[in-house]
Amino acid sequence: MSAAAPRSVWSSRWAFILVTVGSAVGLGNIWRFPYMTGTHGGSAFVLVYLLCVALVGLPLLMAEILIGRRGRGNPVSAMLKVAEENGASPWWGVLGWVGVLGALLILSYYSVVAGWVIDYMRQIVSGVKTVTPEAAAQGFGDLLADPLRLILWHTMFLALTVGVVARGVLSGIERASLLLMPALFAILLFLVLWGGMVGNMRAAWHFMFDFKPELLTGQVVLSAMGHAFFSLSLGMGAVMAYGSYLDKQSSIAHNSFWIALADTLVGLLAGLAIFSLTFAHGLEAASGPGLVFQTLPLVFAHMPGGQAVGTFFFLLVLFAAWTSAISLVEPFVAWMTERLGVRRAIAAWGTGFAVWLLGAAVCLSLNDWSGWKLFGLNLFDQLDYLTSRILMPLSGLAVALFVGWIMSRENVRDEIPLPAAHFQIWRWVLRYVTILAIVLVFVYRLTNPDS
Ligand code: PHE
């Protein structure tokens with residue numbers, strides 16, 4: 001794109017909020033958050049998580065949007081431009097690269113998990129019922145053991161994702177989010193109401209919100225913080241890329257507040273719906289990553305209207321994963337179109353193909369290639385480890401350092417015209433609290449590989 005060509009701008013601030021909520025709300029909210037809450041003692045995890053969203057997530061979300069909008073470009077160009085404006089080293093451009101490439105690494109396994117969702121949806125639509133826990137475990141095991149089935153769904157999910165990005169920022173990404181997000185909210189509310197009617201909402205509520213200080217361990221605190229990162233799509237260029245299409249008049253602080261609030265509410269509501277159904281059937285909350293793929297199908301098989309509710313549930317997860325995946329492709333596609341002048345459709349499908357290859361290897365790492373391990377991890381776990389434990393916190397830390405300490409106060413102030421006292425508080429939290437918190441998570445997660 002030549003410098004003179006106009007860049008897209010979201011059609012309203014609500015469109016920006018919806019697309020960014022679309023990025024934030026994903027497998028993280030509906031799959032990861034409930035199972036982590038289940039395995040980390042419920043309320044202790046939830047309350048610390050809320051604190052982390054406020055002290056780390058929200059300040060960083062504002063900082064990333066700020067860089068994107070100030071730099072008005074893909075994450076790499078935006079970082080370079082803002083660094084130059086503030087007299088900082090062009091090495092800061094590396095931060096943009098970490099985000100852009102890290103996002104593609106995440107997408108390669110995210111798309112495989114989203115593929116599982118499609119498979120489960122197909123099963124439930126075609127009337128498959130999982131009646132015993134053994135059958136549930138067997139069903140999940142069979143799926144993971146079948147490379148062709150995994151690759152088929154991975155291909156389909158990636159094609160859906162790339163198809164939207166290829167259409168463009170406004171007629172692809174914005175339009176998809178405007179359609180999918182309201183549908184997602186409606187399905188979620190329906191599931192919560194249903195959980196309230198036929199499930200054990202009271203038990204779910206106590207499990208998630210009764211504060212039990214004895215359950216609060218270092219691991220709970222740090223996992224909660226790591227999850228706040230993942231759930232708000234931080235450190236991966238996604239938010240920066242979306243922020244680059246935000247109108248200059250729109251308030252970054254207020255928009256970020258709504259985004260963080262909506263993302264958190266979706267996680268909490270999904271948790272309430274899932275646990276109220278799980279408890280009503282006397283099943284375990286602490287079943288780990290299998291909560292959505294093994295425990296819930298059992299619930300659906302035994303409850304009235306389970307086939308319809310189950311179908312809606314997996315549709316909800318699919319929509320959530322889809323809008324997040326879109327935001328993982330956009331940063332690199334934006335870079336290719338802006339820096340290399342490649343047409344958007346070609347950039348999108350080319351990127352999709354590269355991610356597809358890596359994703360196909362991820363599918364094989366769960367079965368035929370499972371013997372191939374590095375540091376005791378298969379490719380699937382390696383990618384998860386590298387992105388969520390190393391790249392995300394490091395890049396979040398760099399964003400906080402850059403906006404908190406490298407950018408001039410005037411430039412930052414220009415983007416965040418909050419009342420002076422509010423601005424001071426935000427900047428102080430970003431400069432000290434956020435940075436300290438990330439350093440703690442990073443060190444802890446590296447030294448505790450099992451957390
Ligand atoms: N926030 C998404 C989720 O909760 C995942 C994601 C991470 C998306 C990083 C974009 C960037 O599933």
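Helices (H or I, at least four residues) and strands (E, at least two) are DSSP runs, numbered from the N terminus. Keep that in mind as you select things on this tour. The model is predicted, so local features need pLDDT of at least 70, side-chain atom pairs count only at pLDDT 80 or more, and totals for chains, interfaces and linings use all residues. Residues are numbered from 1 along each chain as its sequence is written, and side-chain values use heavy atoms, with hydrogens and water left out.

**Stop 1: the whole protein**

Show everything as a cartoon. There are 18 helices and zero strands. Now turn the model. Its C-alpha atoms fill a box of roughly 65 × 50 × 45 Å, taken along the principal axes.

How does the radius of gyration fit with a compact globule? For 451 residues, such a globule would have a value near 22 Å; the protein has 21 Å, which agrees. The radius is taken over C-alpha atoms, and the globule rule is 2.2 Å times the number of residues to the power 0.38.

Next, think about the inside. Buried residues make up 60% of the 451 residues. Buried means under 20% relative accessible area, exposed means over 50%, and partly exposed lies in between (1.4 Å probe, protein chains only).

Contacts come next (heavy atoms within 4.5 Å). Of the contacts with a separation of 6 or more, 82% join residues 24 or more positions apart.

**Stop 2: the nonpolar core**

Select Trp10, Trp116, Phe293, Phe313 and Val403. These have the most contacts inside the largest nonpolar core, which has 165 residues. Helix H14 (residues 306–340) gives the most to this core, with 19 residues. A nonpolar core is a set of buried Ala, Val, Leu, Ile, Met, Phe, Trp, Tyr and Cys residues joined through side-chain atoms within 4.5 Å.

Zoom in on Phe293. Leave aside its neighbours within four places in sequence. Phe293 is then in contact with Trp31, Val113, Trp116, Val117, Tyr120, Phe140 and Phe314.

**Stop 3: along helix H14**

Select Val317, which is found in helix H14. Is Val317 buried or exposed? Val317 counts as buried because its relative accessibility is 1%. Beyond four places in sequence, Val317 is in contact with Leu27, Ile30 and Val117.

Pro331 is buried, with a relative accessible area of 0%. Its C-alpha atom is separated by 9.2 Å from that of Gly96, 235 residues apart along the chain. Pro331 has contacts beyond four places in sequence, among them Asn74, Pro75, Val100 and Met236.

**Stop 4: Met236**

Follow that last contact. Met236 lies in the loop between helix H10 (218–231) and helix H11 (238–243). At 2% relative accessibility, Met236 counts as buried. What does Met236 touch, not counting residues up to four places away in sequence? The list is Val98, Gly99, Val100, Gly102, Ala103, Ile106, Pro331, Leu391, Met392 and Ser395.

**Stop 5: Thr37**

Go to helix H2 (residues 27–39), where Thr37 is found. Thr37 counts as buried, at 0% relative accessibility. Leaving aside neighbours within four places in sequence, Thr37 is in contact with Gly42, Phe45, Val46, Phe207, Met208 and Phe275.

**Stop 6: two loops and a helix**

Select Arg72, in the loop between helix H3 (43–71) and helix H4 (75–85). Arg72 is not a glycine, although it has a positive phi of about 45 degrees. Arg72 is partly exposed, with a relative accessible area of 29%.

Step into helix H4 and pick Leu80. Leu80 is partly exposed, with a relative accessible area of 31%. Not counting residues up to four places away in sequence, Leu80 touches Pro90 and Gly93.

Finish at Phe375, in the loop between helix H15 (344–365) and helix H16 (379–406). Phe375 has a positive phi of about 50 degrees, although it is not a glycine. Phe375 is exposed, with a relative accessible area of 81%.
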